[in-house]
Amino acid sequence: MNRLLFVNACVRRERSRTERLARAWLDRLCRQTPYEVQEIVLEEEGLRGLDSAALARRDRLLAEGNLTHEMFRYARDFRKADEIVIAAPYWDMSFPAALKCYLEAVSVVGLTFRYRADGTPEGLCRAGRLTYLTTAGGFIGQDDFGYDYICALAALFGIARTQEFRAEGLDIVGADVEAILRRAEASLTD
């Protein structure tokens, strides 16, 4: 069975508009293709950014070739996924810090990518597509630094196709939030 990895970076879980959009996408995907869905709720993971001690441990484990260590479980899961869905609200020009910490944990030489002899990177992930879903109180515009970062990492990891779905303008005075979300849900297509 195909594996779908759902990275849930939604913070306001019970009332998250981003999670609502993501659940609509997941429902659509799972109706089309049977998936074994693995959800990682970042708020529950307690991830921290890499510090000097974590980097030293990571370097030691990599030098030993110990890619089965628990420290690399996020990278292993990411690498094995056939489809990846990331849901994150648009915060401070990108996404919540927990997602950055997760992506640091996923970016592991020898698991999600490697360097060829000429120094060029080669992606090792098998996902054919990564879908990024976000919602914003205002309008994101062209400077979507969060999605741009996701696209750059996807390319590094060998994921050929990325797509983004957005619901914007949700907090503007007078906005019909329900109508905006319904339009965004209706736009979810392959």
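Biologist: At roughly what angle do the axes of helix α5 and helix α6 cross?

Modeller: Heads-up: this is a predicted model, with pLDDT of at least 70 needed for local features and 80 or more for side-chain atom pairs, while totals for chains, interfaces and linings use all residues. Residues are numbered from 1 along each chain as its sequence is written, and side-chain values use heavy atoms, leaving out hydrogens and water. Helices are DSSP runs (H or I, at least four residues), numbered from the N terminus. For α5 (residues 97–106) and α6 (residues 145–157), the axes come within 12 Å and cross at roughly 10 degrees.

Biologist: So how is α5 oriented relative to α6?

Modeller: Angles run from 0 to 180 degrees between N-to-C directions of lines fitted to C-alpha atoms, and those under 35 degrees count as roughly parallel. That crossing therefore makes α5, relative to α6, roughly parallel.

Biologist: What kind of aromatic pair do Tyr74 and Tyr102 form?

Modeller: Rings pair if their centres lie within 6.5 Å, and planes over 60 degrees apart count as edge-to-face. Tyr74 sits in helix α4 (residues 73–80) and Tyr102 in α5, so the pair bridges parts 28 residues apart in sequence. With 5.6 Å centre to centre and 75 degrees between the planes, the pair is edge-to-face.

Biologist: Is Tyr102 buried or exposed?

Modeller: Buried means under 20% relative accessible area, exposed over 50% (1.4 Å probe, protein chains only). Tyr102 has 0% relative accessibility, so it counts as buried.

Biologist: Which residues do ring pairs link into a cluster?

Modeller: Phe78 of α4 and Phe157 of α6 pair up too, so they tie together parts 79 residues apart in sequence. The cluster linked by ring pairs is Tyr74, Phe78, Tyr102, Phe113, Tyr115 and Phe157.

Note on methods. Helix = DSSP H or I, 4+ residues; strand = E, 2+ residues; numbered from the N terminus. Parallel < 35°, antiparallel > 145°, perpendicular 65-115°, else oblique. Phe/Tyr/Trp six-rings, centres within 6.5 Å; stacked < 30°, edge-to-face > 60°.
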